[in-house]
Amino acid sequence: FLIRDRLLFQFESRKERTGQKRIERVGLNVAKNLGWGISVNPFNELFCVFFSSIVTGKTVHEAIKESDERYRQEVLVNIADCMVKCVENGFVIRDPNFWNILIDENGDIIWIDTGTKKTLSKKHAIKIINRVFSGYCTPDKTFCDESIALRELVLGRLDCATNSPTGKELT
């Protein structure tokens, strides 16, 4: 796999950069990309490098752990709106967990793990979203309620085109 993937230019940093460009195109915030490429270190199992700017803020995990219920709900709604916007534009964010999303000092959401997957339809997107969120309830139940709430917000917005942030009809 190692040599084949390098020869075919299929490595995680390229996929990450592609996802970052998709997310930027729909108007969402991401950490600025400073460079990416192939690692020549044969012991680097990902065989790639990805450099991004330093972004200050708190992870969603930290922000909602330290906040009240109203703020927690506001953050979940904002993330759900971002995710629906992505689906409306033909892709989903592959790993929208609370450690991969930052909230900066202005309260803006910044996506730091920008892996995406193209979707064929709203039904396909829903299937991926269900699969993604199924793994977020950890054995100790940390943020299980928030993960379920976010999943339900996203699916609820996908079910009703009138609730979509941009008003686009989803098919």
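1. The model is predicted: local features need pLDDT of at least 70, side-chain atom pairs count only at pLDDT 80 or more, and totals for chains, interfaces and linings use all residues. Residues are numbered from 1 along each chain as its sequence is written, and side-chain values use heavy atoms, with hydrogens and water left out.

2. The chain contains 6 helices and 8 strands; these are DSSP runs numbered from the N terminus (helices H or I, at least four residues; strands E, at least two). Along the sequence their pattern is α-α-β-β-β-β-α-α-β-β-β-β-α-α. With contact defined as heavy atoms within 4.5 Å, residues 24 or more positions apart account for 65% of the contacts in the chain with a separation of 6 or more.

3. An open sheet is formed by 4 strands in the order β1-β7-β6-β4, with mixed pairing; two strands pair if DSSP finds at least two bridges between them. Strands β1 (29-30) and β4 (58-59) stand at the edges with a single partner strand each, so one side of each is left without a neighbour in the sheet. The pairing of β1 with β7 (residues 109-111) is parallel and runs over 2 bridges. Within it, Val30 has Trp111 of β7 as its bridge partner. Helix α4 packs on the sheet, where it touches β6 (101-103) and β7, and its direction makes about 50° with that of β7.

4. Helix α4 (residues 69-88) also packs against helix α6 (residues 144-159), at an angle of about 45° and with the axes 9 Å apart. Axes are lines fitted to C-alpha atoms, for helices over the stretch in contact, and angles run from 0 to 180 degrees between N-to-C directions. The two helices, α4 and α6, are therefore oblique to each other; angles under 35 degrees count as roughly parallel, over 145 as roughly antiparallel, 65 to 115 as roughly perpendicular and the rest as oblique. Residues making the contact include Leu76, Ile79 and Val84 of α4 and Leu150, Leu153 and Val154 of α6. By class, this contact of α4 with α6 has 12 nonpolar, no polar and 5 charged residues, where Ala, Val, Leu, Ile, Met, Phe, Trp, Tyr, Cys and Pro count as nonpolar, Asp, Glu, Lys and Arg as charged, and the others, Gly among them, as polar.

5. Helix α6 has a further partner in helix α5 (residues 122-134): their axes come within 10 Å and cross at roughly 175°. Helices α5 and α6 are therefore roughly antiparallel to each other. Among the contact residues are Ile126, Ile129 and Phe133 of α5, and Leu150, Val154 and Leu158 of α6. The residues of the contact of α5 with α6 divide into 7 nonpolar, 2 polar and 3 charged.

6. His61 lies in helix α3 (residues 60-65) and counts as buried at 13% relative accessibility. His61 and Asn97 are 36 residues apart in sequence and 8.5 Å apart in space, C-alpha to C-alpha. Lys117, in strand β8 (residues 116-118), counts as partly exposed at 38% relative accessibility. Lys117 and Val92 are 25 residues apart in sequence and 5.4 Å apart in space, C-alpha to C-alpha. Not counting residues up to four places away in sequence, Lys117 touches Arg22, Gly90, Phe91, Val92, Arg94 and Ile128.

Key
Buried < 20%, exposed > 50% of the residue type's maximum accessible area, 1.4 Å probe, protein only.
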